[in-house]
Amino acid sequence: MEIHAYEKLWLALALVLIVGFIGTITYGAAGAGIEMIDDKGGTVDPATLDDHPKFGDPGIEKTGENSYDVYLVARQFVFEPGTSEPLRVPEGSTVTFHVTAADVIHGFDVVGTNANTMAIPGQVAEFTVRFEEQGEYGIVCNEYCGSGHHVMEGSIVVMEQSEFDSWYAEQNQEGEN
């Protein structure tokens, strides 16, 4: 049986496309530094978030030299902290986010970074981001969460270390008073 030249050409092009698609998927899954969120963040009871030691008063806490933990609660239609007052972090810091939701499924996307997860009631998504450049980064909800979804946004301000240290000390003094 003889295969016509055009059939050979189409077979070769189809094989090249298949190999190209597989290569693209492999690169996207392994080569671009994209990681899936696992369940290491644990669980919380969304009905008692206000009484939780970390999520009851969400915010930023220093955990080491230039490393911070941020506890953030998404609820219709705000991020706490981040909506009414921007979340502040120092330039060059490593920030581990602990994100959960109080009511429905929300999205948490820090524009301009690889920070993107779902905030699910009862689940804590934990992931780490390094902020190298000063500036303001937007936070948006990218999961439809109700009629006010379009206004659910916030911001992260990355500031110079000395400026952040002053702000952080002031916040801790206010918390003690």
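User: In which sense do β2 and strand β5 pair, parallel or antiparallel, and over how many bridges?
Analyst: This is a predicted model. Strand β5 covers residues 93–101. The sense of the β2 and β5 pairing is parallel, and the count is 8 bridges.

User: How many bridges join strand β1 to β2, and how do the two run?
Analyst: Strand β1 spans residues 59–64. Gly-59 has Tyr-71 as its bridge partner in β2. The strands β1 and β2 run antiparallel, and the bridges that join them number 5.

User: Which residue in the turn between β1 and β2 has a positive phi?
Analyst: β1 and β2 form a hairpin. There are 2 residues between the strands. The positive phi, about 65°, belongs to Asn-66.

User: In β3, what is the bridge partner of Arg-75?
Analyst: Strand β3 holds residues 78–80 and pairs with β2 in the antiparallel sense, over 3 bridges. These two strands also form a hairpin with 2 residues between them. The partner of Arg-75 in β3 is Val-78.

User: Why is strand β2 described as largely enclosed by the rest of the structure?
Analyst: The strand covers residues 67–75. Buried means under 20% relative accessible area. Tyr-68, at 1% relative accessibility, therefore counts as buried. β2 is largely enclosed because its buried residues number 8 of the 9.

User: Which residue does Glu-80 meet in a salt bridge, and which network holds them?
Analyst: Glu-80 is partly exposed, with a relative accessible area of 28%. Its side chain meets that of Arg-75 in a salt bridge at 3.2 Å, N to O. The network of salt bridges links Asp-50, Arg-75 and Glu-80.

User: How many salt bridges does the structure hold?
Analyst: One of them joins the side chains of Glu-61 and Lys-54, at 3.0 Å from N to O. Glu-61 is partly exposed at 28% relative accessibility. Lys-54 is partly exposed too, at 30%. The number of salt bridges in the structure is 5.

User: What separation do the C-alpha atoms of Phe-164 and Asp-45 have?
Analyst: The two residues are 119 residues apart along the chain. Their C-alpha atoms are separated by 32 Å.

User: Among the aromatic pairs, what kind do the rings of Tyr-68 and Phe-164 form?
Analyst: The structure holds 11 aromatic pairs. In this one the ring centres are 5.3 Å apart and the planes stand at 80°. The pair links distant parts of the chain, with Tyr-68 in strand β2 and Phe-164 in helix α2, 96 residues apart. Planes over 60 degrees apart count as edge-to-face, so the pair of Tyr-68 and Phe-164 is edge-to-face.

User: What are the distance of the ring centres and the angle of the planes for Phe-97 and Phe-131?
Analyst: Phe-97 lies in strand β5 and Phe-131 in strand β8, residues 125–131, so the pair ties together parts that are 34 residues apart in sequence. Phe-97 and Phe-131 are both buried. The pair is edge-to-face, with centres 6.4 Å apart and planes at 70°.

Key: Residues numbered from 1 in each chain as written. Heavy atoms only, no water. Salt bridge = Lys/Arg side-chain N within 4 Å of Asp/Glu carboxyl O. Buried < 20%, exposed > 50% of the residue type's maximum accessible area, 1.4 Å probe, protein only. Helix = DSSP H or I, 4+ residues; strand = E, 2+ residues; numbered from the N terminus. Pairing = 2+ DSSP bridges. Phe/Tyr/Trp six-rings, centres within 6.5 Å; stacked < 30°, edge-to-face > 60°.
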